[in-house]
Amino acid sequence: MRLTLTVNGEVREADGVWEGESLLMALRDHLDLPGSKNACEQGECGSCSVYLDGELVCACLVLAGQAEGREVVTVEGLAAGEELHAVQEAFVEAGAVQCGFCTPGLIVASHDLLARNARAGGGPISDGEIREALAGNLCRCKGYEKILDAVRLAAERL
Ligand code: FES
Ligand code: FES
């Protein structure tokens, strides 16, 4: 099938997408967006987290066809051209990246937490709130303390 959707602010088309293919594989294999990672393909690890119409989802659990005509934002879309988003910068600066496989999903989920917090008035974010927001994102390198540091740093800056 032909898939037409808006990705990172741009209308994109992909031909030859199988009806049963996930949005994750459509992004990676048909739209040249390998940022979202495929680790479990079962909605367990969060490494494929993207926004679908502004809502955080696991792209491996969304069929490509379900994204037809909708708006997707991936980790690539958070940067402004060459300029990294504050959350992306914070992950680098805090040393929250080891093998990096979980990082795109964690960045999108952290971005979502900070955006929700800003919409709610932008008060301080507790460690408990960060842990809860990132509970669906697994890091096999177990760099969780640095990940918390990164989110705290991004929260300070935003
Ligand atoms: S690859 Fe989607 S949740 Fe793990
Ligand atoms: S940095 Fe390796 S899985 Fe998280």
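**Helix α2 and its surroundings**

Modeller: Start with the contact of α2 and α3. Val87, Gln88 and Phe91 in α2 meet Thr103, Leu106, Ile107, Ser110, His111 and Leu114 in α3. Contact means heavy atoms within 4.5 Å. By class, this contact holds five nonpolar, four polar and no charged residues. Nonpolar covers Ala, Val, Leu, Ile, Met, Phe, Trp, Tyr, Cys and Pro; charged covers Asp, Glu, Lys and Arg; the others, Gly among them, are polar.

Some ground rules. This is a predicted model, where local features need pLDDT of at least 70, side-chain atom pairs count only at pLDDT 80 or more, and totals for chains, interfaces and linings use all residues. Residues are numbered from 1 along each chain as its sequence is written, chains are lettered from A and ligands numbered from 1 in the order in which they are written, and side-chain values use heavy atoms, without hydrogens or water. Helices (H or I, at least four residues) and strands (E, at least two) are DSSP runs, numbered from the N terminus.

Now the geometry. Two packed helices are described by the angle between their axes and the distance between the axes. The axes of α2 and α3 come within 9 Å and cross at roughly 125°. Axes are lines fitted to C-alpha atoms, for helices over the stretch in contact, and angles run from 0 to 180 degrees between N-to-C directions. The two helices are therefore oblique to each other. On this scale, under 35 degrees is roughly parallel, over 145 roughly antiparallel, 65 to 115 roughly perpendicular, and the rest oblique. The crossing of α2 and α3 is right-handed. That label applies if the near helix is turned clockwise from the far one by less than a right angle; anticlockwise gives left-handed.

The axes of α2 (residues 86–93) and α5 (residues 144–157) come within 8 Å and cross at roughly 135°. That makes α2 oblique to α5. This crossing is right-handed. α2 contributes Ala86, Val87, Glu89, Ala90, Phe91 and Glu93, and α5 contributes Ile147, Ala150, Val151, Leu153, Ala154 and Arg157. Here the classes are nine nonpolar, no polar and three charged. Phe91 takes part in the contact with α3 and in the contact with α5.

Two residues are worth a separate check. Thr103 lies in α3 (residues 103–119). Its relative accessible area is 8%, so it is buried. Buried means under 20%, exposed over 50%, and partly exposed in between, with a 1.4 Å probe and protein chains only. Beyond neighbours within four places in sequence, Thr103 touches Phe91 and Val97. Val92 sits in α2. At 55% relative accessible area, Val92 is exposed. Val92 and Val72 are 20 residues apart in sequence and 24 Å apart in space, C-alpha to C-alpha.

α3 leads on to the strands. It lies across β3 and β4, at about 45° to β3. Those strands are residues 49–52 and 55–58, antiparallel and joined by four bridges. Two strands pair if DSSP finds at least two bridges between them. Tyr51 is bridged to Leu56 of β4. β3 and β4 form a hairpin with two residues between them. Asp53, in that loop, has a positive phi of about 50° although it is not a glycine. Most residues other than glycine have a negative phi, and most peptide bonds are trans. At 45% relative accessibility, Asp53 counts as partly exposed.

Five strands form an open sheet in the order β2-β1-β5-β3-β4, with mixed pairing. β2 and β4 are the edge strands, each pairing on one side only. Neighbouring strands are turned by 40° against each other on average, direction ignored. β3 also pairs with β5 (residues 71–73), antiparallel over two bridges. Leu52 has Val72 of β5 as its bridge partner.

Helix α1 (residues 23–30) packs on this sheet and touches β1, β2, β3 and β5; its direction makes about 85° with that of β1. Leu23, Leu24, Met25, Ala26 and Leu27 of α1 are buried. The cover over the buried residues of α1 includes β1, β3 and β5. Asp32 follows α1 and has a positive phi, near 55°.
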